[in-house]
Amino acid sequence: MTITVDEKARKFLAKHNEHEVYAFLGGCRTWGGVVPQPTVYVGSPDSPGQYDSFPVDGITVYVRKGTKTEHDSLTITTAKMLWTESLAVEGMAY
């Protein structure tokens, strides 16, 4: 699996003085039930044994074991909603 941390995500992590992220396919509750939602958080996971780790230019990216991808690659980037910027992950398949 190829992992990329784009420039926007690098700036976000540097601004928060962080060097680790973890990504997984979470669930988002809606009126129609639970919808799969690609999720990424800053820091290291509580259960690191459930994740594979990938060093990417000084940033450690943990990806939950068994995560399916669209093209055998994931990109860590940022997304903005109104005035709030947060990390996002692209390329997860559900």
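This is a predicted model: local features need pLDDT of at least 70, side-chain atom pairs count only at pLDDT 80 or more; totals for chains, interfaces and linings use all residues.
## Ground rules

Buried here means under 20% relative accessible area, exposed is over 50%, and partly exposed sits in between (1.4 Å probe, protein chains only).

Residues are numbered from 1 along each chain as its sequence is written, and side-chain values use heavy atoms, with hydrogens and water left out.

## The aromatic cluster

Rings of Phe, Tyr and Trp (its six-membered ring) pair if their centres lie within 6.5 Å; planes under 30 degrees apart are stacked, over 60 edge-to-face, and the rest tilted. The structure has four aromatic pairs. In one of them, Tyr-22 and Phe-24 have ring centres 6.1 Å apart and planes at 20°, so they're stacked. Tyr-22 is buried too, at 16% relative accessible area.

Phe-24 also pairs with Tyr-41: the centres are 5.8 Å apart and the planes at 40°, so this pair is tilted. It links distant parts of the chain, 17 residues apart, with Phe-24 in strand S2 (residues 20-30) and Tyr-41 in strand S3 (residues 33-42); strands are DSSP runs (E, at least two residues), numbered from the N terminus. Tyr-41 is partly exposed at 42%. Ring pairs join Tyr-22, Phe-24, Tyr-41 and Tyr-51 into a cluster.

## Over at Thr-67

Thr-67 sits in the loop between strand S5 (59-64) and strand S6 (73-81), and is buried at 18%. Its C-alpha is 7.0 Å from that of Phe-24, 43 residues away along the chain.

Methods:
Helices (H or I, at least four residues) and strands (E, at least two) are DSSP runs, numbered from the N terminus.
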